[in-house]
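Hi,

Here's the structure I said I'd send over. Have a look at it first, and my notes come after.

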Amino acid sequence: MTTDMSLDAIIDDIDTLEPIPQITTQLIDIAQDPDSALSEAAVLITHDAALTANLLRTVNSAYFGLRRKIESVQEAVVLLGLNTILDVVLLQLTASRLKAAQAGYDLAAGELWRHAAVSAILARKFAERVEAQNINRIFTCTLLKDIGKLVLNQYVYASGEEIQRLVCQDEYCFHDAEREVLGIDHAELGGRIAERWLFTPDMARVIRYHHLPDENLLEDTDLCIVYLSDCVCSMMGIGTGRDGLSYRFSDQVLERLNYGANGLDQLIMEYALMKSEIDGLMASLSLG
Ligand SMILES: [Fe+2]
């Protein structure tokens, strides 16, 4: 059972987490601001040589199928659009923070990032399908939704048996078991990290509630999209880990996002149609 001391230690550990590079938060702000200028993002990216090199390698890969070689960030933004460039750059930037193995969640190196990246790409597709208002925010929140696992990992590892017992014997959802044993779950902790890193309150909220702990949250389309993309990734075995199949799936989300009577079949079909495109984008990201 949790003690206040262990919860305090977990919260204090937020400060030991290396913050994401400042350019990431600047680009997140640009992605969420409809009035931001293309040039602003291009200038920021250009100032980072490694990021620029990775971006150019990616946009010149077969996946994007461009007829001529792109030689500058500005050209890439003009030809492919700011949203695509921001997606690629944010996927590449978060890889360095999310690629480590997370033993507490039984995730090998690269799996947490793969889950984050594929679910973010899926979330953009789902958001476009329902013409959501804040598609860039949905993408970014989905990419960072499990950031709390970076801090909680060691505690989940240490209390693995107790958490697993609640999940297997008492049918707890994984995040409820985390909360029962550790006093906080990775989603709430992620929300606190988002606040500490000065993400917008909307972003912190979506990260905090990404497992839809309360039915009233079904009213929030952005949250439903983030939740659904997480569920689909887990069902497809992408970075599923120890917890991936230990969450309850809410059918109401499918209704909320306008899927028909055979919502789950429709969803799986939709994923199958998108899979090669997602695999292509993932392969083009030029990560070592
Ligand atoms: Fe999660």
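Below is what I found when going through it.

First, a caveat: this is a predicted model. Among the elements, helix H12 gets the highest mean pLDDT, 97, while helix H1 (residues 4–13) gets the lowest, 86.

**Overall fold**

You'll find 16 helices and zero strands in the chain. The C-alpha trace spans about 60 × 45 × 35 Å along its principal axes. For 288 residues, a compact globule would have a radius of gyration near 19 Å, and the chain's own value is 19 Å, so the two agree. Buried residues account for 41% of the 288. As for contacts, if you take those between residues at least 6 apart in sequence, 63% of them join residues at least 24 apart.

**A helix pair to look at**

Two packed helices are described by the angle between their axes and the distance between the axes. For helix H6 (residues 82–98) and helix H8 (residues 135–144), the axes come within 11 Å and cross at roughly 10°. That makes H6 roughly parallel to H8, since angles under 35 degrees count as such. The crossing of H6 past H8 is right-handed. If you want to select the residues that meet there, take Asn83, Leu86, Asp87, Leu90 and Thr94 from H6, and Asn136, Phe139, Thr140, Leu143 and Leu144 from H8.

Most residues other than glycine have a negative phi, which is why I flagged the next two.

- Leucine 198 has a phi near 65°, a positive value in a residue that isn't glycine. Leucine 198 sits in the loop between helix H12 (186–196) and helix H13 (201–208).
- Leucine 212 isn't a glycine either, yet its phi is positive, at about 45°. You'll find leucine 212 in the loop between H13 and helix H14 (221–235).

Which of these is buried and which is exposed? Leucine 198 has 11 other C-beta atoms within 10 Å, so it is exposed, because 12 or fewer counts as exposed. Leucine 212 has 24 other C-beta atoms within 10 Å, so it is buried; the cut-off for that is 20 or more.

Cheers

Technical notes: Residues numbered from 1 in each chain as written. Predicted model: local features only at pLDDT ≥ 70, side-chain atom pairs only at ≥ 80, totals over all residues. Helix = DSSP H or I, 4+ residues; strand = E, 2+ residues; numbered from the N terminus. Rg over C-alpha atoms; globule rule 2.2 N^0.38 Å. Contact = placed C-beta atoms within 7 Å. pLDDT = per-residue confidence, 0-100. Axes fitted to C-alpha atoms, helices over the stretch in contact; angles between N-to-C directions. Parallel < 35°, antiparallel > 145°, perpendicular 65-115°, else oblique. Left-handed = near helix turned anticlockwise from the far one by under 90°.
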